[in-house]
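I opened the model today and worked through it from the overall fold down to single residues. My entries follow in that order.

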Amino acid sequence: MQSFIQIDSPAYLRAEQLTMPAEWGTIFGNDQPLVLEIGCGIGDFVAQTASEKPETNFIAIDYYNKGCYKTCRRLERHELKNVRVLREEARQFITERLPKASLAAVYINCPDPWPKKRHRKRRLVNLQFLDFLQEYLTPGADFFFATDFDDYGLDVAGFMPELAGFENCLAPEPFRHDIPGYHRTKYMRKFMAEGKQIYFVHYRKL
Ligand SMILES: C[S@@+](CC[C@H](N)C(=O)[O-])C[C@H]1O[C@@H](n2cnc3c(N)ncnc32)[C@H](O)[C@@H]1O
């Protein structure tokens, strides 16, 4: 069993110390747009993306302790001040700590695919989740989803048009295998090295 790593980093927040919802303007010390990455893994994507967007505040969450630790270490190495990391489950975190209509973008990269048919209901991203998430998005907010798993990519690309009040930024295609300028995550690089294609879905709230 892996031992639990104590994380002592200025980027790391403990949700139980925050208000419900949290006051993100006070936490970051400014009112820049707020963006959420769900399942940040080792933090390579958020570090690269946040370093290109210093005028945006990023929240990176993952319920994997070691991933949060690695993410914080990476942010410190890059001296990034516009990212906060929490070891949190996505739905619980959003419900408890985010004000409605507060997110300018959400990124979900290579979420666990739950490939077995009987496990598919465990997938994070489905129509119910998007219906829940959309209340937390500002008008004009971006939703990015990326997966290497064909069935997951086709499923998300297939149900997104059913969601009222969103436009497909990749139209007329329902998904693409590349978005120029979109940083590759550890899992994307691993899957691409195995010859797999990534399915990118990008929608915007109207
Ligand atoms: C397959 S990994 C991908 C990591 C990273 N995004 C990448 O592409 O390299 C999925 C990550 O999502 C996290 N995760 C899965 N479901 C989650 C949830 N409901 N809330 C928070 N994190 C979650 C897992 O702990 C894991 O680190």
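**Burial and overall form**

Partly exposed covers what falls in between. I keep in mind that this is a predicted model.

How many of the 206 residues count as buried? I get 37%.

I then looked up the secondary structure. The chain has seven helices and seven strands. Along the sequence they follow the pattern α-β-α-β-α-β-α-β-α-β-α-β-α-β.

In what order do the seven strands of the open sheet lie? I read β3-β2-β1-β4-β5-β7-β6, and the pairing is mixed. The edges are β3 (83-86) and β6. Each has a single partner strand, so one side of each is left without a neighbour in the sheet. The twist averages 20 degrees from one strand to the next.

I went through some of the pairs one by one.

- β1 (residues 34-38) and β2 (residues 57-61) run parallel and are joined by five bridges. Ile-38 has Ile-61 as its bridge partner in β2.
- β1 also pairs with β4 in the parallel sense, again over five bridges. Here Leu-34 stands opposite Leu-103 in β4.
- β4 pairs with β5 (residues 137-147) in the parallel sense over six bridges. I noted Asn-109 opposite Ala-146 in β5.

Is β4 enclosed or open to the outside? Six of its seven residues are buried, so β4 is largely enclosed by the rest of the structure.

Helix α2 (residues 44-52) lies across β1, β2, β3 and β4. Its direction is at about 180 degrees to β2.

**Around the ligand**

Which residues come nearest to the ligand? Of the 19 residues around it, they are Gly-39, Gly-41, Cys-110, Thr-185 and Tyr-187. I sorted the shell by class: 10 residues are nonpolar, five are polar and four are charged. Helix α7 (residues 186-193) gives the most to this shell, with three residues.

Most peptide bonds are trans, and most residues other than glycine have a negative phi.

- The bond from Met-20 to Pro-21 is cis, with omega near -10 degrees. Pro-21 lies in the segment before α1 (24-28).
- The bond from Ala-171 to Pro-172 is cis, with omega near 10 degrees. Pro-172 sits in the loop between β6 (166-168) and α7.
- Ala-101 has a positive phi, near 55 degrees, and is not a glycine. I place Ala-101 in the loop between α4 (90-97) and β4 (103-109).
- Trp-114 also has a positive phi, about 45 degrees, without being a glycine. Trp-114 is in the loop between β4 and α5 (127-133).

Why does Ala-101 count as partly exposed? Ala-101 has 13 C-beta neighbours inside 10 Å, and the exposed class takes 12 or fewer. Trp-114 has 16 such neighbours, so Trp-114 counts as partly exposed too.

**One more loop residue**

I finished with Pro-174, in the loop between β6 and α7. That is the loop where I had already placed Pro-172. Pro-174 is partly exposed, with 16 other C-beta atoms within 10 Å.

How far apart are Pro-174 and Val-201, in sequence and in space? They are 27 residues apart in sequence. In space, I get 7.1 Å from C-alpha to C-alpha.

Key: Residues numbered from 1 in each chain as written. Predicted model: local features only at pLDDT ≥ 70, side-chain atom pairs only at ≥ 80, totals over all residues. Near = placed C-beta within 6 Å. Helix = DSSP H or I, 4+ residues; strand = E, 2+ residues; numbered from the N terminus. Nonpolar A, V, L, I, M, F, W, Y, C, P; charged D, E, K, R; others polar. Buried ≥ 20, exposed ≤ 12 C-beta atoms within 10 Å, placed from the backbone. Pairing = 2+ DSSP bridges. Axes fitted to C-alpha atoms, helices over the stretch in contact; angles between N-to-C directions. Contact = placed C-beta atoms within 7 Å.
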